[in-house]
Amino acid sequence: MFRISSSLWERIHHYASFPQTGVSLQQMVLFGQNPSQGTLLRGSQFLLEELPVRLAHRVKELDQLPHNLSDMPSINKVKNWYAQSFEELIHFPPIRLPADPVALPESYPNPSLHYQYYSDDYGTPQTGLGIVSTPKNGNGNGNGQKMRIPMERRYYANMSHVKDWPPEVREYNRSFTKTLEAIKKRHDPTVTTVAQGVLEWKRSRNARNINLDVQHWLDRFYMSRIGIRFLIGQHIALNTLQPHPDYVGIICTRANVHDIVHEAIENARFVCEEHYSMFKGPPVQLICPKDLHFAYVPGHLSHICFELLKNSLRAVVERFGPEAEHFPPIRVVVVEGKEDITIKISDEGGGIPRSAIPLIWTYMYTTMEGQNIDQDFTDSDFKAPMAGFGYGLPLSRLYARYFGGDLRLISMDGFGTDVYIHLNRLSSSREPLP
């Protein structure tokens, strides 16, 4: 069994003192288009710097949780997974290049930063030197503060003509991808194991609901997990999948919203019919342009829609009864705006009492009684059950917020519920790092 040594704790605290670096969907698409072995090497080096920092933040936090939550066996198990992955990454052997390296072409000022530069150290307006003004909108802090650009980012060399990368580069990329695959597999059951840890803590305290500070920690922890798995999944896909005109890694540059939502509808109806032993579940009407495309991770959107549709189907069936001959339809309306693509899911499942609205965003809040999590359950997310763990809504909101979207719910008690999924179609938002 893995144990965190005192020397490893020192390294963890050292790495946790560094800030995390957020990326946007747009950056990932631009970086991963037509990747060469050299581009993939740069990606490997970025992850070797960034992932240990993110993992160290989580290990440190898992060790300092409030209300003795850190003492729960399942929380300790997750902490050791994160520490083990951290150790594997910081000890990953560096690349060894041959004595005769690839000849690099002449470099020139980085064109991607051209529009931002306006002065050098002496105040002379020149292109390509190291001072940049942060924007007054978007993701800037709004004060036009000047920031120095590191030397390694001021200049650029076009490597597209280099075809024959040293075999050491290819072997390094292959070996690092294999390590990432093992780490990703190790962390597959993280959501369920942390949920089990929270259940252990609730039972030890006879608590009905979790504290607000625990809720905020779970939001931070799961948001971080989404980010780590996205970076790892994207890098693995770039290294292992065959090129596809509409995909850059796991990002679909022309994700068809109609097709993704339609598939989620079919999957949710199937689970509903299986769970209630019904021949035919409530109908779902989809109103969406068939040619609506935007850059997104299809797996994220599918997960959000599936969870919300499952909730709506369950509410309708339980209001009218599984034996009912007719059910009011659930309506799914998709509209494209200037900034967002918005998906509205409307049901007539009876709604939610106003007093319960704040609780629906709480982890482990569920109206299904007697639920437990199997110790051997290793799925990466809760997909099989119709309902019960109280994770569907809060996790779906985190997936929506990860790339600058949101999830809102409006309920009419006694009639039904409307859920709005806002997706940022501009793809420019950086990750909301905890």
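Me: Which residue forms a salt bridge with Arg 174, and how far apart are the closest N and O atoms?

Reply: Side chains of opposite charge can pair when their charged atoms come close. A salt bridge is counted when a side-chain nitrogen of Lys or Arg lies within 4 Å of a carboxyl oxygen of Asp or Glu. In this predicted model, local features need pLDDT of at least 70 and side-chain atom pairs count only at pLDDT 80 or more, whereas totals for chains, interfaces and linings use all residues. Side-chain values use heavy atoms, with hydrogens and water left out, and residues are numbered from 1 along each chain as its sequence is written. Here Arg 174 pairs with Glu 171, and the closest N and O atoms are 2.7 Å apart. Both residues belong to helix H6 (residues 167-186), where a spacing of three residues is about one turn of the helix; helices (H or I, at least four residues) and strands (E, at least two) are DSSP runs numbered from the N terminus.

Me: Are Arg 174 and Glu 171 buried or exposed, or something in between?

Reply: Relative accessible area decides this: buried means under 20%, exposed over 50%, and partly exposed in between, with a 1.4 Å probe and protein chains only. Arg 174 is partly exposed at 45%, and Glu 171 is partly exposed at 40%.

Me: What does the pair Glu 307 and Lys 310 look like when I read it in the way you describe?

Reply: Their side chains meet in a salt bridge of 3.5 Å, N to O, and because the two residues are three apart in helix H10, about one helical turn separates them. Glu 307 is buried, with a relative accessible area of 5%, and Lys 310 is buried as well, at 3%.

Me: Where in the chain do Arg 425 and Glu 336 lie?

Reply: These two form a salt bridge whose closest N and O atoms are 3.0 Å apart. The pair links distant parts of the chain, since Arg 425 is in the segment after strand E13 (416-424) while Glu 336 is in strand E10 (residues 330-336), 89 residues apart. Arg 425 counts as partly exposed at 30% relative accessibility, and Glu 336 is partly exposed at 42%. Elsewhere, salt bridges that share partners join Glu 50, Arg 54 and Glu 431 into one network, and the structure holds 14 salt bridges.

Me: How do helix H10 and helix H11 cross?

Reply: Axes are lines fitted to C-alpha atoms, for helices over the stretch in contact, and angles run from 0 to 180 degrees between N-to-C directions. The axes of H10 (residues 298-320) and H11 (residues 392-402) come within 9 Å and cross at roughly 150°, which means that H10 is roughly antiparallel to H11, a label for angles over 145 degrees. The contact (heavy atoms within 4.5 Å) involves residues including His 303, Glu 307 and Leu 308 of H10 and Leu 393, Ser 396 and Tyr 399 of H11.

Note on methods:
Parallel < 35°, antiparallel > 145°, perpendicular 65-115°, else oblique.
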